[in-house]
Amino acid sequence: MERTLSIIKPDGVSRGLIGEVIKRFEKEGIKIAAMKMLHLTKKEAEGFYAVHKEKPFFDSLTDFMSSGPIVVMVLEGENVIQRNRDLMGATNYKEAKPGTIRADFATDIEKNVVHGSDSPENAQKEIAYFFSELEIH
Ligand code: CMP
């Protein structure tokens, strides 16, 4: 059984897409093992996206991610890292396959509704950034 971190970003929360995103996970048989709503500070957003700190979009991304509440979740299931990525679609919504969350709802390469871990190593780090083992059910 694998775990991954999912985030519904500030655009997804403010546009009323929390239920829509969770429905897609549950319909696929993906278990939500932990969930909370947070409003990150700029520093907390910078810590989460530290791997991107040299990228030209880092400042804008961390401004956006600290601009409003987000929903963070631990998803659990077989091969769930890849299954979540398949449900999200490509980072750039213009390249995302029809029927994916980003193809259906994203408005911008940055405001792309959801985040999902891209590897087992990053999933472990990202889950630990937000959740203690006691909060994962
Ligand atoms: P995410 O999957 O959370 O990982 C990094 C985020 O940076 C990405 O989704 C987008 O929200 C944002 N981003 C903004 N510009 C780019 C870009 N040119 N390439 C990749 N990610 C970008």
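A polar contact is a pair of N or O atoms within 3.5 Å; within protein, one atom must be able to donate a hydrogen and the other to accept it, and residues adjacent in sequence count only if both atoms are side-chain atoms. The model described here is predicted, so local features need pLDDT of at least 70 and side-chain atom pairs count only at pLDDT 80 or more, whereas totals for chains, interfaces and linings use all residues. Residues are numbered from 1 along each chain as its sequence is written, and side-chain values use heavy atoms, with hydrogens and water left out.

Around the ligand stand K9, Y49, H52, F57, L61, T91, R102, I109, E110, N112 and H115, each having a heavy atom within 4 Å of it. From E110 it is a backbone N or O atom, at 2.9 Å. The side chain of N112 places an N or O atom 3.2 Å from a ligand oxygen, and for the side chain of H115 the distance is 2.8 Å. The protein covers 78% of the 450 Å² of accessible area that the ligand has on its own, with areas taken from the Shrake-Rupley method with a 1.4 Å probe; for residues, only the protein chains shown count as cover.

Next come the strands. Helices (H or I, at least four residues) and strands (E, at least two) are DSSP runs, numbered from the N terminus. In β3, 8 of its 8 residues are buried, that is, under 20% relative accessible area, while exposed means over 50% and partly exposed lies in between (1.4 Å probe, protein chains only). I70, V72, V74 and E76 point one way from β3, and V71, M73, L75 and G77 point the other way. In a regular strand the side chains alternate between the two faces of the sheet. Strand β3 pairs with others, pairing being counted if DSSP finds at least two bridges between two strands. β1 and β3 run antiparallel and are joined by 7 bridges, and β2 (residues 31–38) also pairs with β3 in the antiparallel sense, over 7 bridges. E76 of β3 is the bridge partner of R3 and stands opposite K31.

Helix α5 (residues 80–88) has V80, I81, N84, L87 and M88 buried. Seen down the axis of α5, these buried residues fall within an arc of 130°, so they line one face of the helix; the arc is that of the directions from the helix axis to the C-beta atoms. Their cover includes β1 (2–8), α2 (18–27), β3 (70–77), α6 (101–105), β4 (114–116) and α7 (120–130), where contact means heavy atoms within 4.5 Å. In α2, the buried residues are V21, I22, R24 and F25. They span an arc of only 155° around the axis, which puts them on the same side of α2. E26 and K27, on the other side of α2, are exposed.

Finally, the backbone holds some positive phi values. Most residues other than glycine have a negative phi, and most peptide bonds are trans. N79, although not a glycine, has a positive phi of about 55°; N79 lies in the loop between β3 and α5 and is partly exposed, with a relative accessible area of 46%. V113 has a positive phi near 70° and sits in the loop between α6 and β4, where V113 is buried, with a relative accessible area of 0%.
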